[in-house]
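I opened the model and kept notes as I went. The entries follow in the order I looked things up.

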Amino acid sequence: MNPAFIIPTFVSSPRRRNEVKGVVANYDHATNINEAGELDRCLESLEGVQDAGLIVVLVAADRAVEREAVEKTRAIVARHPSLNVIVIGADELLIIRQRMEQLGIERVNQQIGLVGYGAVRNLGLIVANALGFDAVVFLDDDEIIDDPEFLRKAMYGLGKLTKNGIPILAKTGYYINDEGSYLSKWKDKWYNRFWQQGAAFNEWIRSAMKGPRLSRSNHVCGGCLAIHKEAFRRLAFDPWIPRGEDLDYMLDLRMFGSDIWFDNQWQLRHLPPPSPHEGARFRQDIYRWIYEYFKLEYSHSLIDLQKVTAGSLEPYPGPFLRKGLGRRIALTAFLRSLVRPDKKAYRRAAKEAQTDAVRYAERNCRNYFEFQHIWPQIMDRVDSDKVLTTALVQSALIEPVSQQAREVEKRAVDPGATGQIRLDLAD
C-alpha cells in the first residue's frame, strides 16, 4: 500500500479570546502563533519511522495569522529535510476550491476547509485522494512516535478481510499518556458522579487490550487512525460536530455498514500541552454529545442506514448517548462550577446544555447525511486529478522539491495497483 500521513495543526492569534463565534471553530490545543508548539517534536519523531513517505501538514489558523502560520510551519518543516512534506494552508485551499469548481463541485466550503475538525480532516482526504494515495494515517501534532515500525503496524490488516469475510477498512491504535499508561487519568470525584466518561473508557480499553490484536472498536484515537481508500472515498467526516469527529466517524461507518477496528499493538505517545480552559472544553463536549444524540436519533428515520443504538455501544460511549443526557450534563457542569477552575465557563455550559446546544443539534443533525450523499461523487472527480496534483506540488512542497515533486506527480498520475482486499488476516 502507499499511505500518506496527514497532520492537522491549529494555530491561534495572540489576541484570540478563549472561544470564538461558532462552536466548530474552537480547538482543544491550538498553538499561539508566538509560541513554539509541538509540531517540530512530532516531525522529529517521524524521522525515525521506516518508509514514512509523504506527510501532509494542514495549517488551520485564525484568519488574522493565516499567512504567518503557514510561514512558521514551513520553517519548522525545513528543519527536517529528510522528510517528504507538503504544507497545505489558505493558498493551497484556494487552489483546491478553484479546481473543484472547475470539476462542478460547489457549495461545500463549510464541509471541506480549514475551519473545524471535521472539515480539516475532509480536506486532508481530498488531498490524499487527488495525489493518488490508497490509505491515510492521521496524526496529531502533539504526538511522539517511538516505534520505527509504526507505519507497518498501521497498515497491518488494513484492506484485508477477517476470517469471517469482513473487510477492515479503518483502524485505530491507542495513546500512551505522560504517565506511560493507556488509561484515562479520570478521577472518581463527587462532582463527576453524573459524568463518568473516563471510567467508562477505561472499562472498554482494559477489555480490548486483553483481546485479539484486531477487534471491533468502540473508541477512536483521531491521532492514531488509519483509513483505507475504500472507506475514505465513500465516507466523509462530519463537519458539524464540534469535537469528537474521530469517534463520530466510527458511528458513521457503522451506519453505512462498515466499522473501525482496534489494534492493541499499535500505539504512540500523546503529550498535549496543558489546557487552562477546562470549562470551555466541557462546553464543547456538551455540544458534541447532544449533537451526537440527535444525529443518531435522526439516522433511525433513514431506511437505508444500519441502526446504531446506545445499547450497542457499551460500556463506552453508550452511556453518553442515552435519554436524559441534557440533565446529566447540566448537573455535572453545575457541580464542577462549585470547585473546579474556569467556573464561569462551567456555569455557562450548564445553561446551554438545555438551550443553545439543543437548538444547534436540532438545526444541524441532518446536514451530514445530505453532504454524505454527494461525498463519493466529489472523491470520484478529484481522484488522481493531474491538474490539481501539479498545482499542489508547485504550491505546497518545501524546497528543495525536485525529487519529491516527481515522486508525488508520478504517484498521482499512475498510482499503480492498490491490490485486492479479499485476503485473510494472518492472525
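Which residues does lysine 229 touch, not counting residues up to four places away in sequence? I found Asn129, Phe133, Asp134, Ala135 and Asp383. Contact here means heavy atoms within 4.5 Å.

**Ground rules.** I am reading a predicted model, where local features need pLDDT of at least 70, side-chain atom pairs count only at pLDDT 80 or more, and totals for chains, interfaces and linings use all residues. Residues are numbered from 1 along each chain as its sequence is written, and side-chain values use heavy atoms, with hydrogens and water left out.

**Lysine 229, continued.** I placed lysine 229 in helix H7, residues 229-232. Helices (H or I, at least four residues) and strands (E, at least two) are DSSP runs, numbered from the N terminus. Lysine 229 counts as buried because its relative accessibility is 13%. The cut-offs are under 20% relative accessible area for buried, over 50% for exposed, and partly exposed in between (1.4 Å probe, protein chains only).

**Cores.** I looked next at the nonpolar cores. Such a core is a set of buried Ala, Val, Leu, Ile, Met, Phe, Trp, Tyr and Cys residues joined through side-chain atoms within 4.5 Å. The largest has 99 residues. Ile86, Ile88, Ile112, Ile227 and Tyr249 have the most contacts inside it. A second, separate core holds 37 residues, among them Val49, Ala52, Val57 and Ala135. In soluble globular proteins, nonpolar side chains tend to be buried together.

**Glycine 89.** I found glycine 89 in the loop between strand S4 (84-88) and helix H3 (90-102). Glycine 89 counts as buried, since its relative accessibility is 0%. Beyond four places in sequence, it touches Val59, Val70 and Leu114. I also checked alanine 52, 37 residues from glycine 89 along the chain: the two C-alpha atoms are separated by 22 Å.

**Salt bridges.** How many salt bridges are there? I count 29, taking a side-chain nitrogen of Lys or Arg within 4 Å of a carboxyl oxygen of Asp or Glu. Arginine 243 and aspartate 28 form one at 2.7 Å, N to O. Arginine 243 lies in the loop between H7 and helix H8 (245-255) and aspartate 28 in the loop between strand S1 (3-12) and strand S2 (31-32), so this pair ties together parts 215 residues apart in sequence. Arginine 243 is buried, at 8% relative accessibility.

Arginine 121 bridges to glutamate 245, with closest N and O atoms 2.6 Å apart. Arginine 121 sits in helix H4 (residues 117-130) and glutamate 245 in helix H8, so the pair links parts 124 residues apart in sequence. Both arginine 121 and glutamate 245 are buried.

Aspartate 146 pairs with arginine 269 at 2.7 Å between the closest N and O atoms. I also noted a network: salt bridges that share partners join Asp28, Arg243, Arg281, Asp285 and Arg288.

I checked helix lengths against an expected span of 1.5 Å times one less than the number of residues. H9 has 22 residues and should span 32 Å; its end C-alpha atoms are 31 Å apart, which agrees. In H9, 17 of the 22 residues are buried. H10 has 15 residues and reaches 22 Å from first C-alpha to last, close to the 21 Å expected. Helix H9 (278-299) and helix H11 (343-352) are among what covers the buried residues of H10.

Valine 339 belongs to helix H10 (residues 325-339). Valine 339 is partly exposed, because its relative accessibility is 40%.

Most residues other than glycine have a negative phi, and most peptide bonds are trans. I listed the exceptions here. The bond from glutamate 314 to proline 315 is cis, with omega near 0°. The bond from tyrosine 316 to proline 317 is also cis, with omega near 5°. I located proline 315 in the loop between H9 and H10, and proline 317 is in the loop between H9 and H10 as well.

Aspartate 342 has a positive phi of about 60° and lies in the loop between H10 and H11. Serine 384 has a positive phi of about 50°, and I placed serine 384 in the loop between helix H13 (367-382) and helix H14 (386-396). Serine 384 is buried, with a relative accessible area of 19%.
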